[in-house]
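Here's a quick briefing to read with the structure open beside you. Have a look at the fold, then work through the points below.

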Amino acid sequence: MAAQSTTPLLKVEGLKQYFKVNKNFTVKAVDDVSFEIYPGETYGLVGESGSGKSTIGRSIIRLYDPTAGKITFDGQDISGRLTHAQNNTLRTQMQMIFQDPYACLDPLSVVSDIVAEGMKIHKMYKGPELEERVLELLKMVGLNKDHANRFPHEFSGGQRQRIGIARALSLEPKLIVCDEPISALDVSIQAQVVNLLKRLQQQMGLSYLFITHDLSMVRQISNRIAVMYLGSLVEIADSEDIYIKNRHPYTKALLSAIPIA
């Protein structure tokens, strides 16, 4: 889906995320990264394990406090210390889909409570309206009302990821950070989840930061793709150009590792 605005929804400028191991050693997980995501766009972030992809996503959503740099979301600077009101607004406007669909779901809660939790905290719905909204979200991701009263362990990996997607959608966000959302799933289920994300994007005008190490799959969903190596972005291009007109040796190495049927 093409970007619908010339004003970026998310703008990252010179982002640095360092982790101090001891007084003599600091890990530079993300080092001077800059990019923009526009409304309705899917921005793919690709690289090997340990390249800093997930750290960028967690820094943007403020699970980590950035070491340096500026993050602007929907016209507001969110890189510094946030007030309680700003934090609440950010939590509703920006959500995350995690890599492991089982580890991120409370095993002691039924699906309806998992999906409804955020809406209860932010007082968006209550009573019958809340129950109706939960069922509506489950239907949107391909589940039904019979699934609402089951526990996470009763579902397959693909179904659990659909629950995670429903939870992310519950607060009606503008941006969703998809942190390796398909890497733990079977290949056939990966395609179903990617198609679901594309359909939801068209229906709701969502923007995605799609983090993955799979160049073959990110091509199917992304408008632009950035290649990351050792904490830095080494190449950014449109999704088709990255496969045809790539220039960086690391991008070429990633492409050469894609299995050919």
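Before we get to a residue that sits just after a helix, a word on terms: helices here are DSSP runs of H or I with at least four residues, numbered from the N terminus. Keep in mind that this is a predicted model. In it, the protein chain folds into nine helices and 10 strands. Its radius of gyration is 18 Å, close to the 18 Å that the globule rule gives for 261 residues, so the chain is as compact as a globular protein of that length.

**The chain as a whole**

- Of the 261 residues, 48% count as buried.
- Take the contacts between residues at least 6 apart in sequence: 68% of them join residues at least 24 apart.
- The chain exposes about 13000 Å², and carbon and sulfur atoms supply 48% of that.
- There are 29 positive and 28 negative charges, and their mean positions are 3 Å apart.

**Helix α1 and what follows**

- Helix α1 covers residues 53-60 and is mostly covered itself, with six of its eight residues buried.
- The buried ones are K53, T55, I56, G57, S59 and I60.
- Just after α1 comes R62, which takes a positive phi of about 70°.
- R62 is found in the loop between α1 and β4 (68-73).
- Is R62 buried or exposed? At 12% relative accessibility, R62 counts as buried, because the cut-off for buried is under 20%.

- Strands β1 (residues 10-22) and β2 (residues 25-37) run antiparallel, and 10 bridges join them.
- The link between β1 and β2 is a hairpin through two residues.
- If you want to trace the pairing by eye, Q17 has V30 in β2 as its bridge partner, while N22 has F25, also in β2.
- β1 and β2 belong to an open sheet of four strands, ordered β2-β1-β4-β5, with antiparallel pairing.
- At the edges of that sheet are β2 and β5 (76-77), each of which pairs on one side only.

**Another positive phi: E180**

- E180 is not a glycine, yet it has a positive phi of about 50°.
- You'll find E180 in the loop between β7 (175-179) and α6 (187-204).
- E180 counts as buried, with a relative accessibility of 8%.

**Two exposed residues**

- K126 has its place in the loop between α3 (111-121) and α4 (128-140).
- Why does K126 count as exposed? Its relative accessible area is 68%, and exposed means over 50%.
- K126 and A116 are 10 residues apart in sequence, and their C-alpha atoms are 9.4 Å apart in space.
- I244 has its place in helix α8 (residues 241-244).
- I244 is exposed too, with a relative accessible area of 62%.
- I244 and Y229 are 15 residues apart along the chain, and 20 Å separates their C-alpha atoms.

Note on methods
Residues numbered from 1 in each chain as written. Predicted model: local features only at pLDDT ≥ 70, side-chain atom pairs only at ≥ 80, totals over all residues. Heavy atoms only, no water. Rg over C-alpha atoms; globule rule 2.2 N^0.38 Å. Buried < 20%, exposed > 50% of the residue type's maximum accessible area, 1.4 Å probe, protein only. Contact = heavy atoms within 4.5 Å. Areas by Shrake-Rupley, 256 points an atom, 1.4 Å probe, with all protein chains shown as cover. Lys, Arg positive; Asp, Glu negative; His and termini not counted. Charge placed at Lys NZ, Arg CZ, Asp CG, Glu CD. Pairing = 2+ DSSP bridges.
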